[in-house]
Structures are given as structure tokens and as C-alpha cells.
Amino acid sequence: MNIIELTLLIWLGSMLAGFVGALTGLGGGIVITPLLTIVFGIDIRYAMGAALISVIGTSSGAAAAYVKEGFTNIRIGMFLELATTVGAVVGASAASRLPGSTISIIFGIVLLFSAYASTRSTHSGGQTNGPDHLAGLLKLDSTYPTAQGIQRYHVRGVPLGFSLMFVAGTLSGLLGIGSGALKVIAMDQAMRIPFKVSTTTSNFMIGVTAAASAGVYLQRGYIDPGLTMPVMLGVLMGSLIGARVLPTTRTASLRVVFGIVVVVLAFEMIFHGITGRL
Amino acid sequence: MNQPPTGWTDQRVENIVAALLRAGVTFAGAVVALGGVVFLIRHGRALPEYSRFGGEPPALCTVSGVIRGVTTFRGRNIIQLGLLILIATPVARVAFSAVAFAFERDRMYVGITLIVLTVLLFGLAGGHL
């Protein structure tokens, strides 16, 4: 197989991943690395570099649509970025010191966690809480539009949320993923931020976090232009098409199918890591 | 909430941000596609070597190296330039937020945003810990 044929196949696979990722809300980036390593036999470091770049693309692409809806809380995002960007640089540095097999096993475990988290993603934080001192000090409380008009919300659990964000950032840099699932959990569950605000703010943060790791990846030679080109273009196009057809599509059964695919890929990654085939 | 004294409402800032992001992603995608065409025309028939990690040559690992290669119209360097533009979109968004917070006279968040920006630039410089 020459470069043209491989590029075309990777482009199609990435487009499908981006499309399904947008429809299911899991994001396409998380299956890119397993797809490239297991199906195409590409070294995990090149795969992570390409996936990380595609994560920035989908985050910025989706954010352009999200910001107008008025859900994103830029103060929450920016404050938590303190934790995720530092974590990302630490994780990316650690990635270059760990063997590919170890990264593969960690990747598989995180995939399993993401699949599990996606099955219970419709939680919305109980908004019966009063103001929290630290959140007030950091001006994190805000409002968001709902069907019943503009609604106020209070943020709490700031130290726990901040710590979880450091972990999310570290995993992002270590594995070349967006860590969207963990970010949403940190905001939705630990900080009791309304679900819509959590998902859109998480999307904003994913791009910034990934940009922090991207420089490290670039300098370590993880980002191969010939490989990243079809991945980035494919995921971006797929996710834009997915976002467009999302309002008119029933995604319940698709989520189940995609969840199963993710679980299979997770065990493959762990198996490949243990047998040292990557 | 502290209302900004000028016309810098949150909504207006967000609209500019949306336009900024869309333009950045579109431009990056176009540059990557252009570089991809050049790359495939020149090297498409070669055999890929992605299964073993060898790292990338210095010309593709640093901002200055990428730009030098673009001036000689090398496909791989043009792709890499497009990827750098893509990486720059969230960085630009953070920088823009710092300005917006400054207009809102929110010193605490100007500080927080500048720290985030510093970490981002540290990462882009290679992030050697």
C-alpha cells in the first residue's frame, strides 16, 4: 500500500470517527489513536500526535457554534485552565519518557472509563445549592439561558474540581486525547455546574489544553504532517457533518454500538500493551 | 455582576471569538489541504513509514524550521504550517480573553489568563521540564 492509498483510507476512517463522535457526544479523537495503531499498525506516538491535533480542530470548530448560544462560562473555563494546561505539559513530558506499551495500557483503561462515563452522561447538577465562598471569590457563579428564561447557578466544590482538572490535563498530554469525559464529570458532578454549561465550557477547555501539549509533541517529533493531514481533515469534516445532522437523528442505538466499539478497542489497546506489540 | 463601562459586553466578545475560531479553523484546514496535495503529488507513490517511530527532522519540529521549509514550497512543511495555525487558534482565543478581561477591568482574570497564556507559550517552546 502506497502513501496515497493509506492517506485515503485514514481520511475515510477519521471522517467516520469524527461523524460518530459528534453524534454520540463522545468525541472522535478518543478512537483515532486505537484506530491508527490497531487497524493501520502505526506507531502509537505518531498516532497520539495526529489525534491530539484533530482534538484541537474539533474543539475550535464546535466552539464557534457553541459560544453564540451563551452557555460557555469563560471564567470557569479560564480558571480551570490553570490546572489543565500545567497538567498537559507535565503529561506530555511524561509521555516521552514512558514506553509505548505502558501508554497503550493506560490508554485502554481511560477508554473503558470514557465508555462507562458516557452511559450516565445525562445527569444535571442539582441546583438547589446556595453560594459557595471560594466560587464567589473567583466570580464563577453566572447565568445561562433555559426554556424557563435566564437561570442563575452557583458553583461549588472548587478544590475537588480543580484537582480533577489537573488529572484531566495530565491524561490529555500523556495520551493525546481531549479528556472531555473527565472534564464534564469534574464540572457537572464535583462542581455542580449545569450540564449544558459543563459540556460547552469543557469543549472550550479541550482545545486550550490540547494546545498546551501540542507544542511538546511537535518538538519531540510526534506530529508527522503526512499522517496528521488526513486525520485532521477527516475528523474535522466528519464532526461538522455530524453536528449538522444531530438535531434530526435518533442517537440512542448509535451510542450503544459506538460504546461497544470503544470497549473492544480498549481491550485491544490493553492486550497490545501487555504483549508488547505496539 | 460588574458591567463593563464600554461596549465590551460578554455577548459581543463571544461573537468576535466565534468568528475568530471559525476563521482560524477554516484557514488552517485550507493550508493543510494545500500542503497535502503538494505532498501527495510528490511522494504519494512512496511507501509509508509510520509503523516505526523515528521522530521528525528538525525542519518539522520547530516553528522557525517549519517556516523556512514553507518558503521552498515543501508539502510537508506547508501541512505543518497549517497545523501550527490550528494550534494557534485556542492560544489566540486565550490572548483575546486577556484583552477582553482588561476592558472589563477584571484584574484577577487578566492575571489568571496571562498565567494560562504563559503555560501555553512554554509548551509551544518545547515544554522542557
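## A tour by question

Guide: Let's start in a loop of chain A: S179(A) sits between α7 (158–175) and α8 (180–190) of chain A. Keep in mind that this is a predicted model.

Visitor: Is S179(A) buried or exposed?
Guide: S179(A) has a positive phi of about 55° although it is not a glycine. Counting C-beta neighbours inside 10 Å gives 35 for S179(A). A residue needs 20 or more to qualify, so S179(A) counts as buried.

Visitor: And R192(A), in which loop is its place?
Guide: R192(A) also isn't a glycine, yet its phi is positive, about 55°. R192(A) has 22 C-beta neighbours inside 10 Å and so counts as buried. As for its place, look to the loop between α8 and α9 of chain A.

Visitor: Over to chain B. What pattern does chain B follow along the sequence?
Guide: The secondary structure of chain B comes to four helices and zero strands. Read along the sequence, that gives α-α-α-α.

Visitor: What is the radius of gyration of chain B?
Guide: The C-alpha atoms of chain B fill a box of roughly 60 × 35 × 25 Å along the principal axes. For 129 residues the globule rule gives 14 Å, and chain B is well over that, so it is more spread out than a compact globule. Its radius of gyration is 19 Å.

Visitor: Which helix of chain B has the highest mean pLDDT?
Guide: For chain B the mean pLDDT is 86, with 91% of its residues at 70 or more. Residues 1–5 of chain B stay under 50. Among the elements of chain B, helix α2 (residues 63–70) has the lowest mean, 82, while the highest, 95, belongs to α4(B).

Visitor: How far does α4(B) reach from its first C-alpha to its last?
Guide: Helix α4 of chain B covers residues 107–124, which makes 18 residues. At 1.5 Å a residue, 26 Å is expected, and the helix comes close to that. Its reach is 26 Å.

Visitor: Why are the buried residues of α4(B) on the same side?
Guide: The buried residues of α4(B) are Y109(B), I112(B), T113(B), V116(B), V119(B), L120(B), G123(B) and L124(B). An α-helix has 3.6 residues a turn, so residues three or four places apart point the same way.

Visitor: Which helix gives the most to the side of chain B that touches chain A?
Guide: In all, 55 residues of chain B are in contact with 53 residues of chain A. On chain B, α1 (10–43), α3 and α4 each supply at least two residues of the touching side. The helix that gives the most, with 16 residues, is α1(B).

Visitor: By class, how many residues on that side of chain B are nonpolar?
Guide: Sorting the side of chain B that touches chain A by class gives six charged and 17 polar residues. The nonpolar ones come to 32.

Technical notes. Residues are numbered from 1 along each chain as its sequence is written. Chains are lettered from A and ligands numbered from 1 in the order in which they are written. This is a predicted model: local features need pLDDT of at least 70, side-chain atom pairs count only at pLDDT 80 or more; totals for chains, interfaces and linings use all residues. The expected span of a helix is 1.5 Å times one less than its number of residues. A residue is buried if 20 or more other C-beta atoms lie within 10 Å of its own, exposed if 12 or fewer, and partly exposed in between; C-beta atoms are placed from the backbone. Two residues are in contact if their C-beta atoms, placed from the backbone, lie within 7 Å. Ala, Val, Leu, Ile, Met, Phe, Trp, Tyr, Cys and Pro count as nonpolar, Asp, Glu, Lys and Arg as charged, and the others, Gly among them, as polar. pLDDT is the predictor's confidence in each residue, from 0 to 100. The radius of gyration is taken over C-alpha atoms; the globule rule is 2.2 Å times the number of residues to the power 0.38.
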